[in-house]
Structure formats: structure tokens, C-alpha cells
Amino acid sequence: MELRTKELFNSMFLFALLALIIFNFAFAGSMPKSVLAGALWVAFLFASVLGLNRSFVKEQDKGCLEGLLLAPADRSAIYFGKFLGNLVFLLFVEAVSLPLVTVFFNRTEIVRHPLELAGILILGSIAISSVGTILSAITANTKTRELLLPILLFPLMIPVIIGAVEITAYIFEPKGTIGQWLRLLVVYDIIFVLVPYILFDYVVEE
Amino acid sequence: MKADWSKILSVATLIMMFVSLYLIFIYAPIEKTMGVVQKIFYVHVSTAWTGFLAFFVVFVSSIIFLRNGSRLADIVAYASAEIGVLFTSLTLITGPMWARSFWGKWWDWSEPRLVTALILWFIYLGYLILHRSAGEDVRRARFTSVFGIIAFINVPIVFLSVRWYRASHPPLLVFEPGGLDPSMKVAFFVTLFAFTLLYLWLLNLGTRAGKVQDELRTLKEGL
């Protein structure tokens, strides 16, 4: 368990960092502020898929999920456990990547408002992890597995990415208003923590 | 009695399609600023609405399936998703054709309805792929139903976010159809009705095909 977590963290972290470095070259070394916010979220979303894909596959292979289902606990507890696990993981990857991005890209604005940035990272990551957790529970049971998760997840993440990028860009450089995007993300988070919670029973039912 | 319904629907669809063609090309006048190209509007908006209706049916059928495990609800959900993707594809083909002559470019990211249609197309194509790769048993129906519900709840949020996105990135030219000529309105609503009939007929066919597949599977298992 310990080893597997470490492996996964390393892969996700390196993936996010590599994605950002590729962005740097793709934009000829000069990323404007608005692009930086977008590049960060694209890197985090893509990295999250690596972690989400693993969250049920192992259980599927080793029959652990049956064991979990036999446990005398509410099945939604499994959902919340998996969701929180994925969320903490993603936040950890983000927290470790950001200081490095600050150094590599010489962007002090990234660390100038750490609290606000932490807030939007949490809001955006809740959405990615909650929808990602239930979709990964579904795709782990299909023939195509890893291939399917991003195809199902990304279109559903478009509102989240738009909102998160607008707010992050605002934190880097205050311009315009973000009230509506904050409301959108909060509402999205509430809906998509509750809906998978209600539906999770149907996914794991044998 | 099912076969009769199918016949009635097919004949009604055929007649209404011809009526709408007549109304679009002969009865309704040619729009002054947009010219003949504006005629695509009738088909474009009708397919968009019918596609949306199809996805709503997926949502409702998914809820019904999860509530009582009705096999029919699952078959209807899948058939409706297939038709919805078909109609959304048509919307996405006719949209850029119209936009090209009206805005001078194929695609504009600031037109929220078109962008929402594109995102819906991706979501429900994912639904079809999920259906295909989730095996054959009852679990597939549960998986697709859960996804069908999550997907549809996303639709208003997607639309809202894309519209707000336009507000912060002003478009070159804002399109609003404004007041339509009464004869154009008639042509539009008749076309909309014709496409809704087409949808119902295709749904009927798809549902029957799904039932036949079920029967075939039962027969195979029996052998």
C-alpha cells in the first residue's frame, strides 16, 4: 500500500511537471499570465487521470472491492474514502509542483497569494476528484479501462476548467470579476459530491 | 400493436418532412440580409432541439431504470442516446455551414449554443463507447444509467459556463435571430414537429431493435 502510493505520487508529480515543461517549449518560452493559469490546470487535470485510473483497478484485480463491500459499513463510505483519497493525492501533487513551477518559470505571482490559490486548487480538485472517482469505479469494470476514463471525464470537466482558469488568472493578475465563477464552482462541487454519493450504490452493487 | 405505431409514425414523418420542405423552400420568403443560406436555420435549430430532447429522454429513462430495473427503460435510453448523437452531429455540420456565410468563419467559440452542442456531442459519444465496452450483463445498464444521469445534470452547467465565458471574451458579432417573419415561424415550427416525429420513429425502431437483440441473446443462451 505504502509503496504503491509512493509510485503513483511520483508518476503523477513528474507527469504534471513534464506537461508544464512541454507547455513552456510549446509556447516558445514565453507564457503570458493567462496561459500560465490554463497550463497549470491542464497539467493537473491530465495528471489526475493517472491517479484516478488506479483507484479502482487494483481492487478489481485482487478482489478487494468484494472485501470492502462485505464490510459492515455504508457503501457510500467507500465512495467518500476513495474520493477523499484521490482529492488529497491530487492536492499534494499540486502543492509540490507549484513551488517548482514558480522557480522554473520565474513567476512570483504564483506564490504571492498562497491562501487564495490554495482555495481555488481545493475547489477545482474537489470537482475533478468527485466526478473522477465515480467514473473510475465505472470504467474499472469495462474492457477498455484506462482508455475510457479521460474520454468520459474531460467533457464533464469543461465548466470546472473554465471557472478554475478564470479564477486562477484573476489571482495572478486581478482583472474583471470572478464572483459568478466562484459560485459556479461551489455549486458544481456541491452537486457532484452529492450526486455520485447517491448513485455510487448502483455502481458497486453485485 | 407496436408494428402499427411504427407504420403510423413512419408515414406521418414522411408527410411532415415533405410539408416542411415545401414550407422552407417555397412558402417562407428568402431572408433579406442572409439570403438563401438562412434556410439552413430551420433544419439546424430543429436538429439541435431534437438532439437535446433525445438526451433528456436518456436522463429520464436512466432514472426509471435505476428505480425499478426496467429492461425497456435501458433499451430506450441507449436508442435515444444514439439518435441524440446523430442529431447533434447534424447540428454541428449545419452550424458551421451557416456560420461561414453569416460570420465569415466556420466556428466561433463565443456562440454558447454551438459550443454546448459540441460538448454534448463528446459527452454522449462517451456514453455510446461506455455502452459498447461495458460487457453484456445488467451491470452495463447500471453503469450507463449512472453516467446518463451525471451527464445530463452537467448540461445546464456547461451551457451557463460557456455563456459566461462569452461575456468575458466578447464575440466579434453577436448573433440573435430577432423577430422572424410569421411565415418563417410557421415553416420553423412545422420543421421542428417533423424532426420530432422523425425522432419518435427512430426511437421506436431503435427500441424494437434492442428488444430483438435481447430475444436473440436469450435464444443463444438457451442453445
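Author: Happy to! The contact draws 27 residues from chain A and 26 residues from chain B, where two residues are in contact if their C-beta atoms, placed from the backbone, lie within 7 Å. On the side of chain B that touches chain A, the elements giving two or more residues are α4 (112–133) and α5 (138–168) of chain B. Of these, α5(B) gives the most, with 17 residues. Helices here are DSSP runs (H or I, at least four residues), numbered from the N terminus. By class, that side of chain B has 19 nonpolar, five polar and two charged residues. Ala, Val, Leu, Ile, Met, Phe, Trp, Tyr, Cys and Pro count as nonpolar, Asp, Glu, Lys and Arg as charged, and the others, Gly among them, as polar.

A word on the model: it is predicted, so local features need pLDDT of at least 70 and side-chain atom pairs count only at pLDDT 80 or more, while totals for chains, interfaces and linings use all residues. Residues are numbered from 1 along each chain as its sequence is written, and chains are lettered from A and ligands numbered from 1 in the order in which they are written.

Now to A:V203. Apart from residues up to four places away in sequence, A:V203 touches A:I134, A:A137 and A:I138, and also B:R142, B:F143 and B:V146 of chain B. In the largest nonpolar core, which has 122 residues, A:V203 is among those that touch the most other members, together with A:V131, A:I134, B:V146 and B:F147. Such a core is a set of buried Ala, Val, Leu, Ile, Met, Phe, Trp, Tyr and Cys residues joined through C-beta atoms within 7 Å, and buried means that 20 or more other C-beta atoms lie within 10 Å of a residue's own. Helix α7 (residues 148–172) of chain A gives the most to this core, with 14 residues.

Helix α8 (residues 179–204) of chain A also packs on helix α4 (residues 75–105) of chain A, at an angle of about 110° and with the axes 9 Å apart. Axes are lines fitted to C-alpha atoms over the stretch in contact, and angles run from 0 to 180 degrees between N-to-C directions. α4(A) and α8(A) are therefore roughly perpendicular, a term for angles of 65 to 115 degrees. Here A:R75, A:S76, A:I78 and A:Y79 in α4(A) meet A:P196, A:Y197, A:F200, A:D201 and A:V204 in α8(A). This contact has six nonpolar, one polar and two charged residues.

Notes. Parallel < 35°, antiparallel > 145°, perpendicular 65-115°, else oblique. Buried ≥ 20, exposed ≤ 12 C-beta atoms within 10 Å, placed from the backbone.
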